[in-house]
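Work through the exercises below with the coordinates open. Each task is followed by a solution in steps.

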Amino acid sequence: MRVGGPQGRRKSLTFRLTLLFAAASTVVLLVLGLIVAESVEQHFEEQDMATLGGKLELMRHVLAKVHSTQDLRSLPQKLDDSLVGHHGLVLAVQEANGQTLFATADAPFPQPLLERVRTPDAGRPYVWRIDEHLSFRGIVAEAPIGIPGWPPAVIAVATDISHHNSFMDSFMKTLWLVVVGGTVATGLLGWIAARRGLAPLREMCRQAAEVSAQRLDRRLPVEAVPVELAELADSLNDMLARLEESFRRLSDFSSDLAHELRTPVSNLMTQTQVALSRTRTSGEYREVLESNAEEFERLSRMISDMLFLAKAENGLIVPGHETFDLADEVAALFDFYGALAEDSGVVLRLAGSGLVSGDRLMLRRAMGNLLSNALRYTPKGGEIVVSVRVVETTGRPVTHLCVENTGRPIAPEHLPRLFDRFYRVDASRRHSGDGAGLGLAITRSILRAHGGDIEVRTGEYSNVFEMWIPLITEM
């Protein structure tokens, strides 16, 4: 199987449009030509029928004036005189018994025409061909003779239509030449039009090809493309914006991850190398191992948190379904953090209540991250107030939880990135052992997995984290 096989069979859009233009013009020209040809042929037939009808009436008038055998003998001369000036017109008159009273020299009337005289088709035109170059159109009818007691005569009159056929043959040849020429011309013009019409698309392809990992900020000029391609350009620009943001976040994550892992790994390597530099007592080795165990625990927590975030971002976190009161979980967390808050001189307050439907352990972890973060940044003598209430949002009940702690407000430039992984407001605390900077990112992932979200705002002397969860979570 050839690798390039399918590529070679694909047709360009320009080729397809050119083929479409050529096919459309061919069909239009052909249909138009056939309609004109049919109209001309119909006109010729009507013209011939008018001539034949007039001559037939003349013959009837002549036969009606025949009152004796003497008039009958002079009839051929009268009929021959009536054909003077009518080139291509032939005539035949027969008695009822089949005897010919008059016939134009070499009158080529076929027997099927004469047999139609007493049928409904008698007045309809009949066309026959003598040879390759000679054709006739004729009609047949009965005409009464003026002699009393004589049966009606049979009159057959026809006209040569060879010149009509010659014209139609020439017309059809010209029609085919026009169709072929029109198809070629339309195909050429269609190719030019398609090439010019698709020029903006080729320009978009050229500009899109210039986008790379180092140039994700490039955007397609929407104003410079036709209206039909503006929507495509907008979609591509939106995609590039999403790619740029995802690439930036991935780059930041990789960089932060390297920085976060470098410190514990360096500590482990340094402590191990120092311990191995000389012989030590079992107690000293034990101290080194205990220190290494602490670093390993920190690494284990970081890896566990990163795995949780990776699963959350890929929709692999499936929360449990349990209805409980958020205030009860906050009270349990107050019991857990009570001793730490008392040592730090921080007052914990709880107000309100509200039911939620979700995973109890995951939501407790999210609220625990918020309380831990608030205790870390609340100064001595400050307080942390947690309020829970149920509100109506877009026609559905939502449980709202607010964690407000007194202290220095977070600078506005930090707020948009506060929930990013490994992001810390105070860079000096990066390796202080207070965590890996994943707590708020995990909190947001948990809430979004429950159909809720979280945001942060600052007061005059406080920071406020607000989270909300639908009372009935759509699993």
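**Exercise 1. Placing H163**

Task: State in which helix H163 is found, and find the length of the polar contact between the side chains of H163 and H164.

Solution. The model is a predicted one.
Step 1. H163 belongs to helix α6, which covers residues 162-197.
Step 2. The side chain of H163 makes a polar contact of 3.2 Å with the side chain of H164.

**Exercise 2. An aromatic cluster**

Task: Determine how the rings of F109 and W128 are arranged, and which cluster holds these residues.

Solution. 
Step 1. Searching the whole structure gives 7 aromatic pairs.
Step 2. For F109 and W128 the ring centres are 6.1 Å apart and the planes meet at 45°, so this pair is classed as tilted. The class of stacked pairs is kept for planes under 30 degrees apart, and edge-to-face for those over 60.
Step 3. F109 sits in the loop between β2 (100-103) and α5 (111-114), while W128 is in strand β3 (residues 126-131); the pair therefore ties together parts that are 19 residues apart in sequence.
Step 4. Check burial, for which the cut-off is under 20% relative accessible area. F109 has 14% and is buried; W128, at 9%, is buried as well.
Step 5. The rings of Y126 and W128 have centres 5.8 Å apart and planes at 35°, so they also form a tilted pair. Y126 has a relative accessibility of 23% and counts as partly exposed.
Step 6. One aromatic cluster is made up of F109, Y126, W128 and F136.

**Exercise 3. A cavity and its lining**

Task: Describe the second largest cavity by volume, lining residues and residue classes.

Solution. 
Step 1. The structure has 2 cavities of 30 Å³ or more.
Step 2. The volume of the second largest cavity is about 30 Å³.
Step 3. Its lining consists of Q207, V211, R218, R219, L220 and L240.
Step 4. Sorted by class, the lining of this second largest cavity comprises 3 nonpolar, 1 polar and 2 charged residues.

**Exercise 4. Helix spans**

Task: Compare the end-to-end C-alpha distances of α9 and α11 with the spans expected at 1.5 Å a residue, and list buried residues in α9 and α11.

Solution. 
Step 1. Helix α9 (residues 282-313) contains 32 residues, and its first and last C-alpha atoms are 46 Å apart, close to the expected 46 Å.
Step 2. The buried residues of α9 include V288, N292, E295, R298, L299 and M302. Also among them are D305, M306, F308 and L309.
Step 3. To read such a list, recall that an α-helix has 3.6 residues a turn, so residues three or four places apart point the same way.
Step 4. Helix α11 (residues 360-377) has 18 residues, which should span 26 Å; the end C-alpha atoms are 26 Å apart, so the two values agree.
Step 5. Buried residues in α11 include M362, L363, A366, M367 and G368. L370, L371, N373, A374 and L375 are buried in α11 too.
Step 6. The N-terminal end of α11 is capped by D359, with a side-chain oxygen 3.2 Å from the backbone nitrogen of L361.

Notes:
Residues are numbered from 1 along each chain as its sequence is written. This is a predicted model: local features need pLDDT of at least 70, side-chain atom pairs count only at pLDDT 80 or more; totals for chains, interfaces and linings use all residues. Side-chain values use heavy atoms; hydrogens and water are left out. Rings of Phe, Tyr and Trp (its six-membered ring) pair if their centres lie within 6.5 Å; planes under 30 degrees apart count as stacked, over 60 as edge-to-face and the rest as tilted. Helices (H or I, at least four residues) and strands (E, at least two) are DSSP runs, numbered from the N terminus. Buried means under 20% relative accessible area, exposed over 50%, partly exposed in between (1.4 Å probe, protein chains only). On a 1 Å grid over the protein atoms alone, a cavity is a set of points where a 1.4 Å probe fits but cannot get out, and a pocket is an open set with protein on both sides within 12 Å along at least five of seven lines; lining residues have an atom within 4 Å of a point. Grid points are joined across faces, edges and corners, and a volume is the space filled by probe spheres set on the points. Ala, Val, Leu, Ile, Met, Phe, Trp, Tyr, Cys and Pro count as nonpolar, Asp, Glu, Lys and Arg as charged, and the others, Gly among them, as polar. A polar contact is a pair of N or O atoms within 3.5 Å; within protein, one must be able to donate a hydrogen and the other to accept it, and residues adjacent in sequence count only if both atoms are side-chain atoms. The expected span of a helix is 1.5 Å times one less than its number of residues.
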